[in-house]
Amino acid sequence: MADINIAPLNDRAAFLEEWEALYAYAADPSFFHTPAWIKSWLDGAPYGAKLKRISVRKEGAPILMGAFSSASRKPPMFGLQEHWFHEFGDAERDAIYAEYVDFLAAPEATHEIRRDAVCAMIEAMGAADGFVFRNLTDEMMSAVFSAAAICELSGRVLNEQPVYGCMLSSGNFMETLSSSLKSKITRAMRLYEERGELTARLAKTDDEKAAAWERLKTLHKAGWEARGRPSVFDNPHLTAFHERLQKTAPAACHLFEVKAGDEVIAVLYNFVHGTQVMNYQSGFKFEDDNRLTPGFVAHALAAQGIFQE
């Protein structure tokens with residue numbers, strides 16, 4: 001019989017210690033479950049945040065863990081009172097945008113255990129108007145809708161987004177592309193090489209990483225401001241989160257730079273988790289000549305695994 005417990009998340013050190021122990025044998029945890037991500041997230045909690053932890057134990061051992069918060073009404077007095085799973089309900093802080101969101105779960109955590117845990121969170125929300133879950137795994141989505149039905153609540157999907165990936169085990173990535181896309185990238189590479197050697201490398205030392213991070217922010221800001229829109233790096237909470245994450249998990253946060261001659265034309269910010277490399281953010285030098293495609297070139301070189309010391 002599984003025992004479900006919900007309590008205020010007051011002792012973050014104890015929560016993180018238990019999280020790390022469960023993570024060590026969890027069933028296929030994502031990068032967004034890593035202790036480094038969770039610690040960086042908790043360290044960015046707003047003052048006075050009403051955080052709660054949920055854990056499910058079987059024979060005294062934790063088999064499922066998660067966290068949620070109770071956000072203030074927005075606007076005050078008249079707005080909705082909501083709970084947010086693995087978020088704060090604060091737009092600027094939640095802009096870090098975790099993906100593959102789910103409980104951290106051991107292999108024996110079944111659909112029914114997930115469902116019952118969601119039911120417990122719903123029952124604990126009292127007079128709140130709703131519970132917000134974003135960017136869920138399929139398993140978590142199924143558990144949420146099953147729980148909503150049991151609790152006689154309605155569930156709504158507000159947004160769905162595709163996820164794109166490519167297998168890198170086939171050898172030459174460029175050969176897997178359509179002839180038109182391959183030609184487009186090859187032409188752009190040739191044009192860039194007219195300015196000097198086209199090089200790509202990972203930032204490795206602390207100084208190199210710091211410089212690449214600043215170049216990423218500068219390129220991103222310039223690109224979005226040219227479209228009349230703000231850069232995500234104008235958000236100090238997002239920037240601070242990633243600087244904490246890079247400090248906590250430097251080996252998992254890759255900054256990949258591409259240069260044409262001496263000029264940086266692209267910086268990719270990637271997360272490395274097991275055998276996966278996930279692009280999280282980027283900065284590109286856009287120009288009037290639309291034959292120059294720094295994004296395609298950078299991703300192609302990264303997929304090819306071309307790194308120069």
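S282 touches L216, H220, V267 and L268, leaving aside residues up to four places away in sequence; contact here means heavy atoms within 4.5 Å. S282 sits in strand β10 (residues 276-284), and its 14% relative accessibility makes it count as buried. Buried means under 20% relative accessible area, exposed means over 50%, and partly exposed lies in between, with a 1.4 Å probe and protein chains only. This is a predicted model, in which local features need pLDDT of at least 70 and side-chain atom pairs count only at pLDDT 80 or more, while totals for chains, interfaces and linings use all residues. Residues are numbered from 1 along each chain as its sequence is written, and side-chain values use heavy atoms, with hydrogens and water left out.

**The chain as a whole**

- The chain has 8 helices and 10 strands; these are DSSP runs numbered from the N terminus, with helices (H or I) of at least four residues and strands (E) of at least two.
- Its C-alpha trace spans about 65 × 45 × 35 Å along the principal axes.
- Of the 309 residues, 46% count as buried.
- Among contacts between residues at least 6 apart in sequence, 65% join residues at least 24 apart.

**Cavities**

- Rolling a probe the size of a water molecule over the atoms shows where empty space is left.
- The structure holds 2 cavities of 30 Å³ or more. On a 1 Å grid over the protein atoms alone, a cavity is a set of points where a 1.4 Å probe fits but cannot get out, and lining residues have an atom within 4 Å of a point.
- The largest cavity has a volume of about 170 Å³, a volume being the space filled by probe spheres set on the grid points, which are joined across faces, edges and corners.
- Lining the largest cavity are 19 residues, of which W37, H86, E87, A98 and V101 are the closest to its centre.
- Helix α2 (residues 35-42) gives the largest share of that lining, with 3 residues.
- By type, the lining of the largest cavity has 10 nonpolar, 3 polar and 6 charged residues. Ala, Val, Leu, Ile, Met, Phe, Trp, Tyr, Cys and Pro count as nonpolar, Asp, Glu, Lys and Arg as charged, and the others, Gly among them, as polar.

**The loop between β4 and β5**

- I96 is found in the loop between β4 (82-85) and β5 (104-105), and at 6% relative accessibility I96 counts as buried.
- Beyond residues up to four places away in sequence, I96 touches W37, W41, L238, F241 and Y280.
- From I96 to V297 there are 201 residues in sequence and 26 Å in space, C-alpha to C-alpha.
- H86 has its place in the loop between β4 and β5 too, and counts as buried at 12% relative accessibility.

- Helix α3 (residues 111-124) has 14 residues, which should span 20 Å at 1.5 Å a residue, and its end C-alpha atoms are 20 Å apart, which agrees. The expected span is 1.5 Å times one less than the number of residues.
- The buried residues of α3 are I113, R114, A117, V118, C119, A120, M121 and I122.
- Helix α4 (residues 138-150) has 13 residues and should span 18 Å; its end C-alpha atoms are 19 Å apart, which agrees.
- In α4, M140, A143, V144, A147 and A148 are buried. They cover an arc of only 135 degrees around the axis, so they are on the same side of α4; the arc is that of the directions from the helix axis to the C-beta atoms.
- D138 and A149 are exposed on the other side of α4.
- The cover over the buried residues of α4 includes β4 and α3.

**Residues with a positive phi**

- Most residues other than glycine have a negative phi.
- E59, not a glycine, has a positive phi of about 55 degrees. E59 lies in the loop between β2 (50-58) and β3 (61-70) and is exposed, with a relative accessible area of 81%.
- H86 also has a positive phi, near 55 degrees, and is not a glycine.

**W224 in helix α6**

- W224 is found in helix α6 (residues 206-226) and is partly exposed, with a relative accessible area of 26%.
- W224 touches R229, P230 and S231, not counting residues up to four places away in sequence.

Notes. 1 Å grid on protein atoms, 1.4 Å probe; cavity = no way out; pocket = protein on both sides within 12 Å on 5 of 7 lines; lining within 4 Å.
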